[in-house]
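Trainee: I'd like to learn how to read a model like this one, feature by feature. Can we go through it together?

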Amino acid sequence: QVQLVESGGGLVQAGGSLTLSCAASGRTLSSLPMAWFRQPPGKEREFVASINWSGGITNYADSVKGRFTISRDNAKNTLTLQMDSLKPEDTAVYYCATKRASTYYKYDYWGQGTQVTVSS
């Protein structure tokens with residue numbers, strides 16, 4: 001069983017930066033893809049960014065490209081999301097996620113989420 005714990009959320013002004021972290025335990029995740037999702041208030045959860053097992057391949061939602069950077073440290077079993085030039089529309093609960101297997105069709109391990117609020 002995998003446990004994921006996010007941290008680093010908070011309140012920031014528009015244009016500011018935050019760094020989210022996700023600490024994994026229960027299993028080494030070095031062979032698994034990982035991702036960040038978010039759920040804005042009153043909306044469905046949406047994809048933010050993903051990273052492959054080695055960190056060599058990343059993907060981003062169009063809405064965050066050029067502003068957010070996903071990275072991982074397999075030695076520490078951690079995932080990071082660097083968020084710059086934040087906008088009020090980035091306000092959401094942010095979740096990290098991984099899969100039970102690299103080829104599994106969906107992300108099925110989730111953290112509890114961390115709140116990010118961007119004021120205008």
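Mentor: Let's start with terms: helices (H or I, at least four residues) and strands (E, at least two) are DSSP runs, numbered from the N terminus. Keep in mind that this is a predicted model, where local features need pLDDT of at least 70, side-chain atom pairs count only at pLDDT 80 or more, and totals for chains, interfaces and linings use all residues. Residues are numbered from 1 along each chain as its sequence is written, and side-chain values use heavy atoms, with hydrogens and water left out.

Trainee: How many helices and strands are there in the protein?

Mentor: Zero helices and eleven strands. Read from the N terminus on, the elements go β-β-β-β-β-β-β-β-β-β-β.

Trainee: What radius of gyration does the protein have?

Mentor: The radius is taken over C-alpha atoms, and the globule rule is 2.2 Å times the number of residues to the power 0.38. For 120 residues a compact globule would come out near 14 Å, and the protein has 13 Å, which agrees. The C-alpha trace spans about 40 × 25 × 25 Å along its principal axes.

Trainee: And what share of the residues counts as buried?

Mentor: Buried means under 20% relative accessible area, exposed over 50%, and partly exposed in between (1.4 Å probe, protein chains only). Of the 120 residues, 43% count as buried.

Trainee: Which contacts should I look at for sequence range?

Mentor: Contact means heavy atoms within 4.5 Å. Take the contacts between residues at least 6 apart in sequence: 56% of them join residues at least 24 apart.

Trainee: Could you show me contacts for a single residue?

Mentor: Serine 50 counts as buried, at 12% relative accessibility. Leaving aside its neighbours within four places in sequence, serine 50 is in contact with Met34, Ala35, Ile57, Thr58, Asn59, Ile70 and Tyr107. Now take glutamine 3, which lies in strand S1 (residues 3-7) and is partly exposed at 36% relative accessibility. With neighbours within four places set aside again, glutamine 3 is in contact with Ala23, Ala24, Ser25 and Gly26. The C-alpha atoms of glutamine 3 and leucine 86 are separated by 28 Å, the two residues being 83 apart along the chain.

Trainee: On to charges. How do I read a salt bridge?

Mentor: Side chains of opposite charge can pair when their charged atoms come close. The rule used here asks for a side-chain nitrogen of Lys or Arg within 4 Å of a carboxyl oxygen of Asp or Glu. That gives a count of five salt bridges.

Trainee: What parts of the chain does the pair of arginine 67 and aspartate 90 tie together?

Mentor: Arginine 67 and aspartate 90 form a salt bridge, with the closest N and O atoms 2.7 Å apart. Arginine 67 sits in the loop between strand S6 (58-60) and strand S7 (68-73), and aspartate 90 in the loop between strand S8 (78-83) and strand S9 (92-98), so the pair ties together parts that are 23 residues apart in sequence. Both arginine 67 and aspartate 90 are buried.

Trainee: Are aspartate 62 and lysine 65 buried or exposed?

Mentor: Aspartate 62 is exposed, and so is lysine 65. They form a salt bridge whose closest N and O atoms are 3.2 Å apart. There is also a salt bridge between arginine 100 and aspartate 108, at 2.4 Å between the closest N and O atoms. Arginine 100 is partly exposed, with a relative accessible area of 43%, whereas aspartate 108 counts as buried at 19%. Salt bridges with shared partners also join Arg38, Glu46, Arg67 and Asp90 into one network.

Trainee: Last one, backbone angles. Which residues have a positive phi without being a glycine?

Mentor: Two cases to look at. Asparagine 77 has a positive phi of about 60° although it is not a glycine; its place is in the loop between S7 and S8, and asparagine 77 is buried, with a relative accessible area of 14%. Serine 85, also not a glycine, has a positive phi of about 50°. Serine 85 lies in the loop between S8 and S9 and counts as partly exposed at 40% relative accessibility.
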